[in-house]
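Please look through the structure shown below and then read the report that follows.

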Amino acid sequence: MKVLPELSIKKIVYGGYGLAEYKGKKVFVRYAAPMELLSAQVIKEKGDHIEATAKEVIISSPSRKDPPCKYYYYCGGCQLQHIDTDQQVRIKEDILIESLRRIGNLEISALGESIRSKQDFGYRTRVQFKVSNGSLGFFAWGTHELVKIDQCLLVHPAMNDLIPSLQELSKKIPHLQELHVLYSPSEDEFLLKVITPTTYDAEKLRKLKENVLPKKVVGIGNYSKLEDHLLKRYHIGRSFTFMQVKNYRYRVSNDSFFQINFTLWEDLLNNVVVRDKRRVIELHCGAGFFSIPLSEGSHFVISSDTNATAIKDAQYNAKLNSRDNIVFFHESAHQTLKKHAGETIDLLFLDPPRGGLTTDELSLVLQNKPKEIVYVSCNPTTLARDLGKMVRGGYSLKSVRLIDNFPQTYHIESVAYLEL
């Protein structure tokens with residue numbers, strides 16, 4: 001394959017690629033580090049850009065290090081293991097600032113202090129394993145080619161201890177596509193999802209749970225996958241576990257969303273939650289991770305989510321934590337905003353999916369003009385777009401902070417604070 005000689009890496013861009021130029025085309029190089037000179041092997045070439053992978057490092061970056069994972073250059077789960085962790089954070093901060101400037105037309109001279117993960121590895125409590133022909137692992141970068149693994153350095157060590165049992169399970173369930181694992185560090189127990197194209201016999205799965213899996217697996221469900229959505233067929237055993245964060249206790253079901261990096265749970269509540277507001281509306285609340293602390297010091301909190309299971313968990317969690325000034329609704333963000341249009345809102349707390357706010361949602365926000373907005377984002381591109389529109393709609397952007405939720409990967413989470 002074609003090799004590009006002596007590429008100069010200008011910076012790392014969103015997605016984990018090193019950016020270079022070759023004969024007028026942008027080159028996106030996998031496994032590059034900032035300010036390096038290297039040769040790269042072309043993977044694919046399009047009209048205006050080339051995608052390549054680093055072949056030989058001629059002048060190495062001071063931030064380059066040996067990745068500790070033996071699967072790193074094969075597996076697509078991580079993109080930045082070859083770069084020092086402090087430099088990873090600086091890279092993400094630069095990408096976040098550039099996104100705010102380029103997409104949102106926002107002049108940000110500096111971010112607030114980043115909220116750093118307490119661990120560089122072993123931080124994940126949820127993982128989705130791919131399965132092919134009885135082998136368990138992850139897809140290679142940019143392909144559907146399975147890389148078989150016997151450990152993942154990003155997941156909690158207890159999850160790695162479970163992998164041998166999961167490998168055995170993978171061999172025994174025909175046409176198994178994926179295995180999803182949720183772990184509770186508080187309870188030291190697991191919930192599993194088994195993804196198959198057709199229904200797997202419930203009695204057979206029950207026997208596999210009893211004979212193959214350890215007792216710490218308290219529940220297992222059979223699901224089908226439709227595009228990016230999972231449809232539950234049935235569930236065996238307990239369908240929920242509990243998570244302890246500070247003095248809060250949360251019930252989390254297999255189908256609910258909860259923050260994945262357990263080392264950041266307390267810091268997120270300490271640094272992201274704004275207290276002492278009279279009337280709060282929260283969108284995309286999940287199982288109530290932020291909702292319960294938000295209700296402390298606030299007069300009244302209204303929270304909503306489209307996930308019915310998550311809302312049931314959140315309602316249970318309000319009772320579990322003795323919070324009687326919060327109500328949860330199973331409805332879309334748009335429905336919630338429309339229902340409360342014209343009302344006084346002291347704080348709007350947003351934690352949308354990767355697509356950010358819809359045009360209609362943003363329009364309702366700007367019409368209603370909540371006094372303050374906290375916007376938690378998992379996508380710098382849509383965050384920059386939405387913040388730009390909010391600022392042009394009359395808001396002042398007080399600060400933006402990086403949340404280093406996923407070390408070793410290109411993913412960027414952040415939180416922004418706005419006021420009228």
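## Spaces, a helix and some buried residues

Helix α1 gives 3 residues to the lining of the largest cavity, which is the largest share of that lining. This is a predicted model, in which local features need pLDDT of at least 70 and side-chain atom pairs count only at pLDDT 80 or more, while totals for chains, interfaces and linings use all residues. Residues are numbered from 1 along each chain as its sequence is written, and side-chain values use heavy atoms, with hydrogens and water left out.

Helices (H or I, at least four residues) and strands (E, at least two) are DSSP runs, numbered from the N terminus. On a 1 Å grid over the protein atoms alone, a cavity is a set of points where a 1.4 Å probe fits but cannot get out, a pocket is an open set with protein on both sides within 12 Å along at least five of seven lines, and lining residues have an atom within 4 Å of a point. Grid points are joined across faces, edges and corners, and a volume is the space filled by probe spheres set on the points.

A search of the whole structure finds 1 cavity of 30 Å³ or more. The residues that line the largest cavity include Ile12, Val13, Tyr14, Leu80, Ile91 and Tyr410, and the elements that give two or more residues to this lining are β2 and α1. The second largest pocket is lined by residues including Lys11, Val13, Tyr14, Phe28, Glu98, Arg102 and Thr381; β2 (11-13), β4 (25-30) and α1 each give two or more residues to the lining of this pocket.

| Space | Volume | Largest share of lining |
|---|---|---|
| Largest cavity | about 40 Å³ | α1, 3 residues |
| Second largest pocket | about 250 Å³ | α1, 4 residues |

Helix α2 (residues 157-172) bends by about 40 degrees at Ile163, and Pro164 follows within four residues; the bend at a residue is the angle between axes fitted to the seven residues ending there and the seven starting there. Among the residues of α2 that are buried are Ala158, Met159, Leu162, Ile163, Leu166 and Leu169, where buried means under 20% relative accessible area, exposed over 50% and partly exposed in between (1.4 Å probe, protein chains only). The cover over the buried residues of α2 includes β7 (126-132), β8 (135-139), β10 (178-184) and α3 (202-211).

Gln79 lies in the loop between β6 (49-59) and α1 (85-102), and Gln79 is buried, with a relative accessible area of 5%. A polar atom of the Gln79 side chain lies 3.1 Å from the backbone oxygen of Gly76. Not counting residues up to four places away in sequence, Gln79 touches Gly15, Gly16, Tyr72, Trp141, Gln408, Thr409 and Tyr410, contact meaning heavy atoms within 4.5 Å.

Leu347 lies in strand β19 (residues 347-350) and is buried, with a relative accessible area of 0%. Leaving aside neighbours within four places in sequence, the contacts of Leu347 include Val274, Val280, Ile281, Leu294 and Ile373.

The structure holds 0 disulfides, a disulfide being a pair of cysteine sulfur atoms within 2.5 Å. Cys75 is in no disulfide, and the nearest cysteine sulfur, that of Cys78, is 6.5 Å away; Cys75 is buried, with a relative accessible area of 10%. Cys285 is also in no disulfide, the nearest cysteine sulfur, that of Cys378, being 16 Å away, and Cys285 counts as buried at 6% relative accessibility.

Notes. A polar contact is a pair of N or O atoms within 3.5 Å; within protein, one must be able to donate a hydrogen and the other to accept it, and residues adjacent in sequence count only if both atoms are side-chain atoms.
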